[in-house]
Amino acid sequence: MNHQDETKPTQLQHWLYRAALIACLLAPFAFGLMQTTAHLDDAYITYRYARNLATGQGFVYNPGEAVLGTTAALYGLLLGLLRLLGADIPQASHLLSIIGWAACVVLVERIGQATRERAVGLLAATLVATSPLFLQVIGMETNLMLALALGAMYLYLTGHIRAAFVVTALATWMRPDCALVALVLGLAYVWERRALPWREGLLFVATLLPWLVFAQLTFGSFLPNSFFAKFGQGRDSYAFGPGLIRMASGMSSANHLYWLVGLLGLIGLVEIVRRRPRWLIIIVWAGVYTASYLLMAVPYFHWYYLPLCPAVALLTAAGIVAVARWLNRLGSLARFNRAWPAILLGLALIPQFHVLRTSLTLDSPPYNRGYTAIADWLKANTAPDASAAMIEIGIIGYY
C-alpha cells in the first residue's frame, strides 16, 4: 500500500467528522423550531420586566414598584433591547434559546478539541444536540446562560484566562448561580499556578459591578425575591435531591436503555478519575453546582438540572470511548474496530430521541390557553390599578 492509499481513510474520517458536527449543529434548530413558542410560565415574568423596560416604565414587574422578581437580569435587559428594536419578546426569547443550545453543542465539541479528546468532544456534542432537557427549557434564559458558562470554561482551557472571567461575570449577571463557575475557575487557577487570580478576580467584579450597584440602589438587594422564596419553598416541597432521583427514574421508565447511558457515564467517571483530562473542570463545576443546590434544598424545577447536561454528556462519551477501546481488544469482536463508538452512541441516542419526541410541544398547552383567557378577562373587567393574587404570575401577568 502506498502513502497515497494510507491517507485516504484519514481524509474520509475528516469529512465524516465535519458532516457529523454540522448535523449536531443543525439539530437544535430542527427540534427547537418545531417546539411551541415560550410554553413555560416562569419565562414570562422576565418578559414582563423586559417589556416594561422597553416601554419606559423601568426594569420592574409592576410599574412604580421597585421589586426584583426575575433571576435572569441580563436576559431581561437583552430582551428589552430587542423589544426596542421591534422584536416580539416571546419569539425573540425562543430563538435566543435555540442559539444558546446550538452554542453549547459547538462549545462541548471545541472543549474536546482543545483538550485533545476529539472523539469524546464529538460524541458529547451529539448527546447535547439531542438532549430533551434543552428542548424542555426553550424560552427561558437557561440555554444561553449555560452557553456563557461553557464559553468561559473553554476560554480558560485555551489560555484566555481574563476573557474567561469576564464571560463568567456575564453568565452570573444572566443568573446568579453562575458565580459557582467563577469559584471553580478560581480554584483551578490556584491549583495550576499556585497563585491567586487577583487581576482576573478584579475583572470579574468590574464586569458585574454596574448591575450590583444598580440593583442595590434600586431594589435594595442584588438577589431576587424569587431566590429567597424558592429557598424556603424547597424545604416544604419536593427538593432538588429527590427531584433528581425522580427525573432519573422517570427517564429510565420511559426507556430502559437509559440504564445503559447511566452505566456508560459511570465507566466514564472511573476513566476520567484515572486519566484526569483537562475538561475535568466541567465535571467539578457540575459537582459543586449539585452540592450547592442540595445544601440549599432548592425545589424541584426541571430547568435547574440542565447545567448538569454537558458533564453527563462528557462522562457518557468518555465511557463510550473506554468501552469501545476494550471491545477492540477482544479477538472475536475486533473486526468491528472503529464501528464500536458509533454502535454505542446509537444505543445511547435511542432513549434520547424517545424522550425528545415526547417532549415536543407542537401547540400551546391547555393550561397556557387557560392562563391567557384569565389574562384577557382581567384586562377587560378590572381597573388598571387593581391587584390580583396569583401563584402563577408569568403568562397572566404578561398578557
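User: How many disulfides are there?
Analyst: The count is zero disulfides, where a disulfide is a pair of cysteine sulfur atoms within 2.5 Å. C104 is in no disulfide, and the nearest cysteine sulfur, that of C309, is 8.4 Å away. Before we go on: this is a predicted model, where local features need pLDDT of at least 70 and side-chain atom pairs count only at pLDDT 80 or more, while totals for chains, interfaces and linings use all residues. Residues are numbered from 1 along each chain as its sequence is written, and side-chain values use heavy atoms, with hydrogens and water left out.

User: Are C104 and C178 buried or exposed?
Analyst: C104 counts as buried at 0% relative accessibility, and C178 is buried too, with a relative accessible area of 1%. Buried means under 20% relative accessible area, exposed over 50%, and partly exposed in between (1.4 Å probe, protein chains only).

User: New topic: how many residues does helix α2 have?
Analyst: Helix α2 covers residues 43-54, so to speak 12 residues, and reaches 17 Å from its first C-alpha to its last, close to the 16 Å expected at 1.5 Å a residue. That expected span is 1.5 Å times one less than the number of residues. Helices (H or I, at least four residues) and strands (E, at least two) are DSSP runs, numbered from the N terminus.

User: How many of the residues of α2 are buried?
Analyst: 10 of the 12 are buried, so α2 is largely enclosed by the rest of the structure. Among them are Y44, Y47 and R48.

User: What do they pack against?
Analyst: The buried residues of α2 pack against α3 (73-84), α4 (89-114) and α18 (395-398).

User: And where is L306?
Analyst: L306 is in the loop between α14 (280-296) and α15 (309-328). L306 counts as buried, at 0% relative accessibility. Leaving aside residues up to four places away in sequence, L306 touches L133, F134, V137, T142, N143 and L146, with contact meaning heavy atoms within 4.5 Å.

User: Which loop holds A297?
Analyst: A297 lies in the loop between α14 and α15. A297 is buried, with a relative accessible area of 13%, and its phi is near 55 degrees, a positive value in a residue other than glycine.
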